[in-house]
Amino acid sequence: MPGSLIEARDRIWVVQSGSTDDWLKLRPVGGADDEVTELSPKLEERFGPVKAAVYPLPNPETVGPLQSCTLLFNALRFQIRQGAGPFRSFGNIAVEPRSYQMVPLLMAMRMPTVRLLIADDVGVGKTIEAGLILRELYDRGEIENFAVLCPPHLVEQWTNELSQRFNFKATALTSSTGKKLEAQVPHGKKLLDVFPFLVVSLDYVKNSKHRDYFQAMDYRCIVVDEAHTCTQTGGSKQLRYDLLKKLAEDKERHLLFLTATPHSGNDDAFYNLLGLLKPEFQKLKHRVVNANDPIRQDLAKHFVQRRRKDISEWQVSPDEYKVGFPKRKSAEVIYSLNEDWEKFFTAVQNFCRGIINKEAKNNQLIWYSVLSLFRCISSSPAAAVQALKNRVITGENIVCEFAEETSERPEDETPNIDQLPVNDEIKGLLTVAENLKNTKDDPKLKKLLQHIKELLKDGFNPVIFCSYIATAEYVADAIKGDPFFAKKLKDDPDNKKFNVGCVTGSLVPEERKEIVETLQNAEQRILVATDCLSEGINLQQTFNSVVHYDLAWNPTRHEQREGRVDRYGQKSPEVRCSMVYSNNNPVDGLIFNVILKKSKVIQANLGVLVPIPENEKAINQALIRATLFKSRNKEKPEPAQLSFDLQIENEDGEMEDVLSAIETVWEDAFEKVKRTRTVFAQNTIHPEEISGLWEEQQETLGAHQDLEVFCRNASSSLGCHLEPLSRKGLFRIPTATFKLSSVKDRLNDEGIYDASLLDFSELHRTSGFVSTLSEALVEQALSGSSPFISRCAVGEIKGASSVTRVYLLRLRYQMVIRYRNQIRRRLMSEEIIPIAVKGIRQPEWFEGNEAKQFFPKDAVGNVAKSVAIHQIKQALIFIQENQTKLKELSLRRAEELRKEHQSVKEFTHEGSVSEVIACEPVDVMGVFVLLPEEE
């Protein structure tokens, strides 16, 4: 049974979960999970019988230094991967989740089949929340495989997150890797059999052949990131939705949907998404419901959506919210168009008015080409030149970007203006745009350069977001060419003090990642990027400021950009966000004065961003008309007066307020979102309920704050003294000084070499450095011949009033999992518990935290080896005579664990732990005797 000890090949092993009578999965008693091996008892008979074993007691002859007590205790704790607590995954994760991030995990554990929509705000940590659920389902044995569906630019990030934070070796399946992976699948097997953890590009599954192939793989758990892009109708998004709908038809398949914008203004897409959780949820679209509606209450069990405000109320400690999210400060960077630019805008405005008056009634697409041209001109002369040149030179009629989606062209490419006529007037506009680009007298760019110099001076590293590739490259070149920045680059050829990078949709994900990683090495850094980095990409480790060089039509885009740096894990206490806009540019005026200001009012009232409804014809018409015209009926519009007013003449010659459509639809969206907030914020799950479970398991597995002490003491005992650097928590590892060559070799395998850096703020119990140290120390202790660590020690302690014996115990359990009243599986788990016995004649027993207070610090007197051996022998005799006490402890802990496990599965008996069986006898891992100081 799992947790039992056996002897085979002259070693003692712990039987692991998944073993059968014919085939055993075994881990050496002092080994880690990566040392698990498998063997057949029948085949092993040629080497000797496989038989039950008892863990040996410490050998009194191997007494060592007293510091071994704390070192061995921590080394044993940090080795555990299959913890005994109610969340089995906590031993396998390299992240310390906030209490609010565990709410979706608790919700998932209360479902027989997980169907969950996680719609927390940008930067809250949805990837971590999903990873916790995946790891827990896997460690409980409820899933053996999973696939993550995500946009192509997030594939590598998901693969890395699963590996680095959740100990899953995931494989990327994209259009470029598909054939290579298929070639590695043996005949008669499926991709799932070889690659159980898959991260799949949505570009891959949009192909009908690939989509059917993926569905046939039959992954039992599916995670969909940016889920709002997969539930719309029309084009490739319809194909994605059809795939998810088919996958959801299997009622036993686990589904996790992640999105910061579940309702992006499209009612059909939103209710399609809800329908994937349960078909009846789609019916909510056609009925008026209140907070007490049964279907709505049922939906609340499957849907979690928290604002930053909701999360701030989840503080368990005063610092928790402050550490997770910085203070965000916003600023406006205002510039004015100069005379040349005003003339150019007026010329474009006159040209577009003429086109609209002639062709708009017969060609509705002309509106979108006109709007695209104005957006490019507002962005930069480079974008204006690119758009005009594409039209003038090619003269081709390409599918308009606003038409029904037929392909997935990069969003940051300069948009098509194919509906505009190619004539002398448009050619003249191209000449003017080229002249403006070449004069290098761009007022918008000048204001940006001034602003980023101020940001750098104040200690901020900015990301500058642009709408188009042409603009991003234009801005990056201008920064590098500015005399101030050019000198910094010239004086620093290795880019250790200053660097500038540019990332756009023209680069593949690997190139984008390389640029961002290169910038991390510089003390001061600037990144110019398009919106290819605005969704899902984490930049909080490298940047702490966002500059919107181009204003976006939808405020959601601004939040996505700012969420790249203002998110969970940002170390800077303050994040700065700036908007660059013109006070006499009609496009900027509309976006800032109408859309962004309206958005701020709604956000202040509701505490959450409400996106402007997309694909709403009335809104698009209003935006375009308000941008282009102050008054269409004037024969001679004033060239320099580029402000717009909101009253314009409609097709019937009557004056109307063009914003009435926006107000009506947006207010309706506001009310819809407002009605959903209270139910789906999950306020009924209390912080204390979550934090208590986490803290208890941290105690048995080893908390993050214990890591630095352990690593420094463990390294020192092995001959290596970590070298502190100027930044707090940062150390250099002189691996060459380790006494054991095996430790050096293991560290090299983990990618840790001489003079590698160690940042304790980012270190976790599953990291290669911690694993290597803990495994080495346990091995040395078990060998019985190590001069720096032992399973037993004796010392005189200052202030000790009586003899105190400290025992390190390992308790092993079998967790019985039931489905439909049948035993589905037995899982092995373990924990390290210290106990202390004070006094000889009338001994007092202490355990857990109370016992840790007796852990010895420094001995004040030497003890003769003969005396030490005698004391250890007496301590061993005592613990053997009190096996009843140890059995009571293990049975009591088993019952406590059973209750904790069942509390997690409170609302479902499917997959719950019905029984926890303590394995006997309890293993005595270490014995340490503390003697009173001799006078």
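**View 1. Ser201 and the residues it touches.** Leaving aside residues up to four places away in sequence, Ser201 is in touch with Cys150, Pro152, Val155, Leu173 and Thr174 (contact here means heavy atoms within 4.5 Å). This is a predicted model, where local features need pLDDT of at least 70, side-chain atom pairs count only at pLDDT 80 or more, and totals for chains, interfaces and linings use all residues. Residues are numbered from 1 along each chain as its sequence is written, and side-chain values use heavy atoms, with hydrogens and water left out. You'll find Ser201 in strand β9 (residues 197-201); strands (E, at least two residues) and helices (H or I, at least four) are DSSP runs, numbered from the N terminus. With 2% relative accessibility, Ser201 counts as buried, a word that means under 20% relative accessible area (1.4 Å probe, protein chains only).

**View 2. Leu276 in helix α11.** Leu276 sits in helix α11 (residues 267-277) and, at 3% relative accessibility, is another residue that counts as buried. Its contacts, not counting residues up to four places away in sequence, include Arg115, Thr231, Tyr241 and Phe257. Look for Leu117 too: Leu276 and Leu117 lie 159 residues apart in sequence, with 9.5 Å from C-alpha to C-alpha.

**View 3. Helices α29 and α30.** Here, Val743, Arg746 and Leu747 of α29 meet Phe769, Thr772, Glu775, Ala776 and Glu779 of α30. Sorted by type, the residues of this contact are four nonpolar, one polar and three charged (nonpolar covers Ala, Val, Leu, Ile, Met, Phe, Trp, Tyr, Cys and Pro; charged covers Asp, Glu, Lys and Arg; the others, Gly among them, are polar).

Key: Buried < 20%, exposed > 50% of the residue type's maximum accessible area, 1.4 Å probe, protein only.
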